Protein chains: 2
Amino acid sequence: MNIAFQGVPGANSDVGIRLHFPDAHPMGYDYSEQVFDSLVEGEVDLGFVPIENSIMGNVDINADLIYRKPVAIIGEYYVPIRHCLLGLPGTSLQQIERVYSHPVALEQCRPFIQAIGAQPVPDFDTAGAARALAHRNHPGEAAIAPALCAELYGLEVLQEGIQQVKRNITRFVAIVTPRNVPLELDRAKTSLAFVTRHEPGALVRCLEQFSLHGINLTRLESRPIPENPFEYVFYVDFVGSTAQENVRQCLAGMSQHISLIKILGSYPVAQPPR
Amino acid sequence: MNIAFQGVPGANSDVGIRLHFPDAHPMGYDYSEQVFDSLVEGEVDLGFVPIENSIMGNVDINADLIYRKPVAIIGEYYVPIRHCLLGLPGTSLQQIERVYSHPVALEQCRPFIQAIGAQPVPDFDTAGAARALAHRNHPGEAAIAPALCAELYGLEVLQEGIQQVKRNITRFVAIVTPRNVPLELDRAKTSLAFVTRHEPGALVRCLEQFSLHGINLTRLESRPIPENPFEYVFYVDFVGSTAQENVRQCLAGMSQHISLIKILGSYPVAQPPR
């Protein structure tokens, strides 16, 4: 099974695929759009994309793409994020002058970088910074990236778990094209996107339908609509599936207040690691 | 009047301050936390921070800080974002090999960068990339930044408005310490943050209070609570102020479903530019 992710080998998405789909073949793409396009064009069987992180919040680009592209969610997966300082083999912490990584990883490890007296240098992504480090082969440089990158690029883990907030977890979803949604699937949780009509109170009237029909929302998010500044697409996750009568009635009740709705998928519930 | 912003002179926040507070003295700080701390410690009179962008969505760090720090919102301001390609004076587009900027600006201008056959290079921010370009003084390099940076750093605007989506607007808020909230203030709109109790349906029951009391929500957002993975702080903006009886009743009705609430401020309504 080929699984597409955004990034270079060793990225956190790659770490997540190896954790949850150990027999699959992870395939990295430069841009998130390419992950979706490779799926739609049949180059891969599954896409594996981050949706939200317990510290940073939403991964907006993927919310936007799941809404816009013809894909369906068939599962959710939690992946612990562990930032490691990687250097050339034999390097000591004292030698490190510059630390390369994605700005978010640099920020999450700011106290550690200050403590070793190094300079943070931004790069496009964590695993890419590790790969470039291996190519440049300069002993005064290090990268913040997953430990997997040490293995893949012949680097050494100089220090593990260097982030400030230790419990850092990303929730990913697995996406397929609609015709590849498995028939046998435990549809315990559903993700939905909708746009409300231009009328005061429309959003609250939509959300009221959930409590009216005894449905528990587990997540509520909004994203801007770039063509209509300061209008939003709302995303909800709830416990239940569209096969249930109360969910059908809820969606029917919402219909008079919305201009657009997309069922993003129903899938089994996962639990974040402790 | 001293106004704090995050970034170096010429950043979009600085552009916004010069647009809306032409007589003020803008003061740039490296980190968003420092903008809030300088305000709390009385170094500046006002903070000016981006909250949401019409393409990118929320500026999460500022939502988090407004919730955590002892500040109040006293106004909202819209600022058009216009990415320009800046180079050394006398440079032509054909000479440009590398374009430096914040990854978001690079992404928003990707087709333009490809069209001129240049390589995008990430930096921490747009104005910082322009300033560094002026220091390096290399004719093959350009930066994507506001036009104001050309003026401040002796650069030339090689091309204006190079982003893909032309209508790109950021909503900022002005913040002060609670004791500096003006007594005479048109309190037409209110921002609120709250955390719901751990019970199914609590979020919807809170939001129902708004429609029950005829209050129109203009924005609904959520942010993770890093200490409690996959729990959220919800942010709402609504039309009205806490001086109104229906708003007071709404807040009273919410109280049994929430564990925490913060009134972030009431302020006049602004309209985004056309």
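The contact between the chains takes 32 residues from chain A and 32 residues from chain B; residues are in contact if their C-beta atoms, placed from the backbone, lie within 7 Å. The model is predicted: local features need pLDDT of at least 70, side-chain atom pairs count only at pLDDT 80 or more, and totals for chains, interfaces and linings use all residues. Residues are numbered from 1 along each chain as its sequence is written, with chains lettered from A and ligands numbered from 1 in the order in which they are written.

On the side of chain B that touches chain A, α8 (202–212) and β13 (217–224) of chain B each supply at least two residues. Helices (H or I, at least four residues) and strands (E, at least two) are DSSP runs, numbered from the N terminus. The largest share, seven residues, comes from α8(B). This side of chain B divides into 19 nonpolar, six polar and seven charged residues. Here Ala, Val, Leu, Ile, Met, Phe, Trp, Tyr, Cys and Pro count as nonpolar, Asp, Glu, Lys and Arg as charged, and the others, Gly among them, as polar.

Chain B superposes on chain A by a rotation of 180 degrees with 0.0 Å of shift along its axis (RMSD 0.0 Å). The same surface serves both: 100% of the contact residues of chain B recur in chain A.

Note on methods. Two residues are in contact if their C-beta atoms, placed from the backbone, lie within 7 Å. Copies are superposed by least squares on the C-alpha atoms of residues with pLDDT of at least 70 in both.
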